[in-house]
Amino acid sequence: MGIFNFFKSKKTLEIKVIKIKKDIEAIVSEVCSENFSVLKYGAYEINPKYLVYWICVNTDEVRNKLSNDKILKETLRNVIINAEYPIEAVNDVFVGFESQETVDRESNGDWYLHFK
């Protein structure tokens, strides 16, 4: 792979990662009863399987509701597939749910520490 193609493929991957995040936000907004945010991180430039999305809500109750919703979880997995994310990495991409209540209780409100 030439240097131009290397950078082009990295840019294409970043565009997909951003699109997935926006699609997750749109889908969750239809089923979430409180404000939320979607956090993404990972070394997906090194390997596409190193991608993480956290759906961050305020309460444990909403977190549990969303994380137990099998249809929602399947829909979110399909977002990754439909974005044409590298197929070999689709099942390794992590999509999780966490609440401010848990972060406050377990990590003194520090999200960075909580995910570390």
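This is a predicted model: local features need pLDDT of at least 70, side-chain atom pairs count only at pLDDT 80 or more; totals for chains, interfaces and linings use all residues.
Ring pairs join Tyr41, Trp54, Phe94, Trp111 and Phe115 into a cluster. Across the whole structure, a search returns four aromatic pairs. One of them is formed by tryptophan 111 and phenylalanine 115, with the ring centres 5.7 Å apart and 50° between the planes. That pair is classed as tilted, because its angle falls between the limits of 30 degrees for stacked and 60 for edge-to-face.

Where do tryptophan 111 and phenylalanine 115 lie? Both belong to helix H5, residues 111-115, and they are four residues apart, which is about one turn of the helix. Tryptophan 111 has a relative accessible area of 22%. It is therefore counted as partly exposed, since the buried class requires a value under 20%.

Let me turn to aspartate 60, which lies in helix H2, residues 60-67. Is this residue buried or exposed? Aspartate 60 has 14% relative accessibility and so counts as buried. Its side chain makes a polar contact of 3.0 Å with the side chain of arginine 105. Leaving aside residues up to four places away in sequence, aspartate 60 touches Ser99, Glu101, Thr102 and Arg105.

Threonine 75 is partly exposed, at a relative accessible area of 31%. Between its C-alpha atom and that of phenylalanine 97, the separation is 14 Å. Along the chain, threonine 75 and phenylalanine 97 are 22 residues apart.

Technical notes:
Residues are numbered from 1 along each chain as its sequence is written. Side-chain values use heavy atoms; hydrogens and water are left out. Rings of Phe, Tyr and Trp (its six-membered ring) pair if their centres lie within 6.5 Å; planes under 30 degrees apart count as stacked, over 60 as edge-to-face and the rest as tilted. Helices (H or I, at least four residues) and strands (E, at least two) are DSSP runs, numbered from the N terminus. Buried means under 20% relative accessible area, exposed over 50%, partly exposed in between (1.4 Å probe, protein chains only). A polar contact is a pair of N or O atoms within 3.5 Å; within protein, one must be able to donate a hydrogen and the other to accept it, and residues adjacent in sequence count only if both atoms are side-chain atoms. Contact means heavy atoms within 4.5 Å.
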